[in-house]
Structure formats: C-alpha cells, structure tokens
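Hi,

Here is the structure I promised to pass on. Have a look at it first, then read my notes below.

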Amino acid sequence: PFRPWKPDEGASLKDAMDTFYTRFVSIVTTARPNITKDKLVNEYGAHVFAAKIAEKLGYVDFGTSDYAEAVQSLASAAQ
C-alpha cells in the first residue's frame, strides 16, 4: 500500500475479480431461474443493492432477515 502498483500486479487482481464475478453469475443464474445471465450482466451489472431492493429484483428471498434468521434457515435447509 506504500508504493504504486507494478503493471503486472493490477492484472493479477483483475484476473481474480473476473473469476469471482463469473462464479457469482453462475451461482445466481442457477439459483434464480428468473434472472438470466444476460439480464444479470447487462442490466444489473456489478451494482450493490439494499436488501429490500435485492428482494424486489429477486436476488434474495427475504430482504428483512437478520443474521439469526438466515443461519436458522440455512441450518434447516441443510438438515
């Protein structure tokens, strides 16, 4: 953090972010059939949404869940 990046350092970070984004797109479009890859990439992009907006868009099931509710739901689903 105390010197400018060398050219190859930025490229490796971009490669990692591309890998994470590709994985994210795959996970979301598999779990949410109403969100196509095209819609996710070209309409929603890499935006960050508040919970209620994410719920409205179909990214999450319950935009008002708290941590305890989310863990309980996950535990129930995993049996």
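This is a predicted model: local features need pLDDT of at least 70, side-chain atom pairs count only at pLDDT 80 or more; totals for chains, interfaces and linings use all residues.

Residues are numbered from 1 along each chain as its sequence is written, and side-chain values use heavy atoms, with hydrogens and water left out.

**The overall picture**

There are 4 helices and 0 strands in the chain, and the pattern along the sequence reads α-α-α-α. The radius of gyration is 17 Å, well over the 12 Å that the globule rule gives for 79 residues, so the chain is more spread out than a compact globule. (That radius is taken over C-alpha atoms, and the rule is 2.2 Å times the number of residues to the power 0.38.) Helices here are DSSP runs of H or I with at least four residues, strands are runs of E with at least two, and both are numbered from the N terminus.

Along its principal axes, the C-alpha trace spans about 45 × 30 × 25 Å. Of the 79 residues, 14% count as buried. Buried means under 20% relative accessible area, exposed means over 50%, and partly exposed is in between (1.4 Å probe, protein chains only).

Contact means heavy atoms within 4.5 Å. Among contacts between residues at least 6 apart in sequence, 21% join residues at least 24 apart.

Start with Asp 15, which sits in helix α1 (residues 7-31). Asp 15 counts as partly exposed because its relative accessibility is 49%. From Asp 15 to Lys 56 is 41 residues in sequence and 31 Å in space, C-alpha to C-alpha.

Next is Arg 32, in the loop between α1 and α2 (37-44). Is Arg 32 buried or exposed? With a relative accessible area of 18%, Arg 32 is buried. Which residues does Arg 32 contact, leaving aside its neighbours within four places in sequence? They are Gly 58, Tyr 59, Val 60 and Asp 61.

Tyr 59 turns up again with the rings: ring pairs link Tyr 44, Phe 49 and Tyr 59 into a cluster. The count of aromatic pairs comes to 4. Rings of Phe, Tyr and Trp (its six-membered ring) pair if their centres lie within 6.5 Å; planes under 30 degrees apart count as stacked, over 60 as edge-to-face and the rest as tilted.

Then find Ser 65 in the loop between α3 (51-57) and α4 (67-78). Ser 65 counts as partly exposed, at 36% relative accessibility.

Finish with Gln 79, in the segment after α4. Gln 79 is exposed, with a relative accessible area of 87%. Its phi is positive, about 55°, although Gln 79 is not a glycine.

Cheers
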